[in-house]
Amino acid sequence: MRNRKPGLSPTSVRFTGPCWIKENSADDTGSLQDATNTHVTLRKASRGKFLVLGGPTLVALWFIQSYALRYFASDPGALGIYEPRREWLFAHIGGGAAALLLGPVQLWLGRNRRSPLLHRILGIGYVLSVAVGSTAAFYLAFHTDFGWVAGLGFVGMSLAWIVTTVMAVAAISRLLIQQHHEWMIRSYVVTSSFVTFRVLTGVFSVANLGNTVEQMSAASWMSWAIPLLLCEVLLQGRKVFAPSPAPPLSLAVPAPTPVEDKAPEYPVEMPELEPAELVAHSSSKFSDNS
Ligand code: HEM
C-alpha cells in the first residue's frame, strides 16, 4: 500500500513522477533487497505499461482493421447502407479511429508525466478527433436504419463522449490533475464503447437473441452504460475502500455535552421609541461599541 500524506484526500493527490519511482524512494538503501524490490517494481511497471498502452492499442487496431477499413475499399458496394451518408461515415471513422489510437498514448503519457509538450499536442488532437467523430455520430444516429431505440442509444453515447471529454478539458484548464485523469479515463471508456458495441452485437447474433434491430438497440445502450458503471466502481471504489488516515468518527469526536435547559441571559426587552428616537438610539449604540 502506498503511503499517503495525512490530510490529503485521494482526489487531492498530485502526481509528481512515475509511480514506481515514488513508491521506491522511501527505502532506497542500495541493499540486495532493494535491488530485488526494484526489479519486481519495474516488472510491475512494464506490466502496467502494457495494460495502459499495449492492450487498448491492440484492441483498437483489431477493430479498425476488422470493421472500419472495409468502408474505404474501392469496391463500389463497400459502403452498403452508408452510401447516402458516406461523407459523414468517413468523418466519423476518421475521428473515431484517431481518438481510439491517441487515447492510450495520452493516458500513458499523462500517467507517467512524460513529454508534457507532446501530451498537450496529442491532447488537442484527441479532443478534435472526438469533436469530429461525435458530430458525425449525431448525424449517423439520427439517420440510422435500425430504429429509434438504437438511434437514441447512439445519441446517448455521443453525448457521453462529448460530456466526458469536455469535463476532462475543463479539469485540466483549472489544473485539477487528478480530476482530469479520471475524466480522461471515462472519455476513453466511451471512445471504446463502439468496439464493445460490435462485440455485443456479435455475441447476441451467435446466441441467436432477437432480430438485428433488437440486437443493435440493446447493444447501443449497454455498450457505454455498463462500461461507464464499471469504470466508476473502479475509480470511486479505490477512494471508498481506501484506508482512512483519520480514526473512526466514533473515536475521534467526543460525546456531545448535554445542553443546559436555561433561558438566555441577555435582555430581550426593547424600549418603545419614536422613529427619530430609534435612529438616535441605534447610532448611540454603535458609538458605544466603537
Ligand atoms: C463513442 C462514440 C461513438 C458513437 C456514438 C458512434 C455512433 C455511430 C453510429 C450512430 C453509427 C451508424 C450506425 C448505423 O446506423 O448503422 C456508427 C457507425 C460506425 N462507427 Fe461509430 N460511434 C462511436 C465511436 C466510434 C469509434 C471510436 C469508431 C472507430 C473507428 C467508430 C467506427 C464506426 C464504424 C466503422 C461504423 C460503421 C458501422 C459498422 O461497421 O459498425 N465509431 N457509429
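Start by selecting α5 (147–173) and helix α8 (residues 212–240), which pack with their axes 8 Å apart at an angle of about 25°; axes here are lines fitted to C-alpha atoms, for helices over the stretch in contact, and angles run from 0 to 180 degrees between N-to-C directions. Because angles under 35 degrees count as roughly parallel, over 145 as roughly antiparallel, 65 to 115 as roughly perpendicular and the rest as oblique, α5 and α8 are roughly parallel to each other. Their crossing is left-handed, a word used if the near helix is turned anticlockwise from the far one by less than a right angle, with right-handed used if clockwise. To see the contact, show Gly147, Val149, Ala150, Gly153, Phe154, Gly156, Met157 and Ala160 of α5, together with Val213, Met216, Ser217, Ser220, Trp221, Trp224 and Leu228 of α8; two residues are in contact if their C-beta atoms, placed from the backbone, lie within 7 Å. Sorted by class, the residues of this contact are ten nonpolar, five polar and no charged, where Ala, Val, Leu, Ile, Met, Phe, Trp, Tyr, Cys and Pro count as nonpolar, Asp, Glu, Lys and Arg as charged, and the others, Gly among them, as polar.

What you are viewing is a predicted model, in which local features need pLDDT of at least 70 and side-chain atom pairs count only at pLDDT 80 or more, while totals for chains, interfaces and linings use all residues. Residue numbers start from 1 along each chain as its sequence is written.

Now display the whole protein as a cartoon. Its secondary structure comes to ten helices and zero strands; helices (H or I, at least four residues) and strands (E, at least two) are DSSP runs, numbered from the N terminus. Of the 290 residues of the protein, 19% count as buried, where a residue is buried if 20 or more other C-beta atoms lie within 10 Å of its own, exposed if 12 or fewer, and partly exposed in between, with C-beta atoms placed from the backbone. Among contacts between residues at least 6 apart in sequence, 64% join residues at least 24 apart.

The crossing of α4 and α5 is left-handed, and the residues that make the contact include Val127, Val130 and Phe138 of α4 and Phe154, Trp161 and Ile162 of α5. By class, this contact of α4 with α5 has eleven nonpolar, four polar and no charged residues.

Among the residues of the contact are Ala99, Leu100 and Gly103 of α3, and His181, Met184 and Tyr188 of α6; by class, the contact has six nonpolar, five polar and no charged residues.

Turn to the ligand and show the 25 residues around it, of which Gly96, Thr144, Phe154, Met157 and Phe194 come nearest; a residue is near a molecule or strand if its C-beta atom, placed from the backbone, lies within 6 Å of it. The shell divides into 16 nonpolar, seven polar and two charged residues.

Within helix α7, select Phe204. Phe204 is partly exposed, with 19 other C-beta atoms within 10 Å. Leaving aside its neighbours within four places in sequence, Phe204 is in contact with Leu209, Gly210, Gln215, Ala218 and Ala219; Phe204 and Ala219 are 15 residues apart in sequence and 8.8 Å apart in space, C-alpha to C-alpha.

Finish in two loops, where the backbone angle phi deserves a look. Most residues other than glycine have a negative phi. Ser115, in the loop between α3 and α4, has a positive phi of about 35° although it is not a glycine, and with 11 C-beta neighbours inside 10 Å it counts as exposed. Leu175, in the loop between α5 and α6, has a positive phi of about 60° although it is not a glycine, and with 9 C-beta neighbours inside 10 Å Leu175 counts as exposed.
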